[in-house]
Amino acid sequence: MATTIMNANEHKARTARSYKLLLWFAMASMTMMFAGITSAFVVSKAREDWVKDFQFPTAFYYSTLAIILCSVTFHLAKKAIQKDNRSLTTNLLLLTLVLGATFVFLQFKGFEQLMQQGYYFTGPKSNIATTFLYVIAVLHLAHLAGGIISLLIIIYNHFKQKYNSSQLLGIELGAMYWHFLDFLWICLFFFLYFFK
């Protein structure tokens with residue numbers, strides 16, 4: 001009996017390590033992709049048609065705050081489930097979802113603000129600077145869509161009572177990914193703000 005429990009725990013630990021390693025590889029590949037795009041952005045700044053004087057959308061400031069808060073609420077949700085506080089975990093996961101949706105809404109609001117300034121992403125009125133901004137933001141939104149889908153699965157599993165203080169791998173992986181998205185957006189935000 002003790003051997004069976006030990007084998008089950010060992011299997012669970014190995015599975016957790018494997019999933020975390022896969023997530024680390026995925027995050028590393030995403031980082032390399034964004035590094036390539038930002039490198040191309042820096043090289044393209046030498047072009048004569050590069051726009052340097054556009055106003056950075058205020059919605060991007062608020063979206064940055066929203067994604068930071070997402071990371072905080074997800075971390076607190078993980079802490080709450082570690083204490084088997086299911087109701088607090090539920091509230092924090094749902095709040096994370098609302099903040100994630102707010103981030104997406106504010107990103108699109110930022111695009112709208114850029115277009116109101118006369119900067120378009122495609123077509124005859126577009127320029128390379130705003131097209132780069134669009135590509136970077138949309139790629140981040142695509143990765144965030146993966147984060148929202150995983151969060152919805154985590155919330156579903158939480159309602160099915162699959163998580164507790166001894167079984168929280170899904171929440172751990174979700175929190176890792178959201179912290180990565182948060183860190184990535186902050187880096188992209190400062191990069192775009194200072195190198196526009």
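The model is predicted, and the mean pLDDT of the protein chain is 86. Helix 4 (residues 128–159) packs with helix 5 (residues 169–195).

**Confidence**
- A pLDDT of at least 70 is reached by 93% of the residues.

**Helix 2**
- Helix 2 covers residues 58–82, which is 25 residues.
- From its first C-alpha to its last, helix 2 reaches 37 Å, close to the 36 Å expected at 1.5 Å a residue.

**Helix 4**
- The end C-alpha atoms of helix 4 lie 46 Å apart, which agrees with the 46 Å that its 32 residues should span at 1.5 Å a residue.
- Gln161 follows helix 4 and has a positive phi, near 60 degrees.

**Packing of helix 4 with helix 5**
- The axes of helix 4 and helix 5 are 10 Å apart and form an angle of about 165 degrees.
- Because angles over 145 degrees count as roughly antiparallel, helix 4 is roughly antiparallel to helix 5.
- The crossing of helix 4 past helix 5 is left-handed.
- On the helix 4 side, the contact residues include Leu133, Ile136, His140, His143, Gly146, Gly147 and Ile154.
- On the helix 5 side, they include Gly170, Gly174, Tyr177, Trp178, Trp185 and Leu192.
- The residues of this contact comprise 14 nonpolar, 6 polar and no charged.

Technical notes: Residues are numbered from 1 along each chain as its sequence is written. This is a predicted model: local features need pLDDT of at least 70, side-chain atom pairs count only at pLDDT 80 or more; totals for chains, interfaces and linings use all residues. Side-chain values use heavy atoms; hydrogens and water are left out. Helices (H or I, at least four residues) and strands (E, at least two) are DSSP runs, numbered from the N terminus. The expected span of a helix is 1.5 Å times one less than its number of residues. pLDDT is the predictor's confidence in each residue, from 0 to 100. Axes are lines fitted to C-alpha atoms, for helices over the stretch in contact, and angles run from 0 to 180 degrees between N-to-C directions. Angles under 35 degrees count as roughly parallel, over 145 as roughly antiparallel, 65 to 115 as roughly perpendicular and the rest as oblique. A crossing is left-handed if the near helix is turned anticlockwise from the far one by less than a right angle, and right-handed if clockwise. Contact means heavy atoms within 4.5 Å. Ala, Val, Leu, Ile, Met, Phe, Trp, Tyr, Cys and Pro count as nonpolar, Asp, Glu, Lys and Arg as charged, and the others, Gly among them, as polar.
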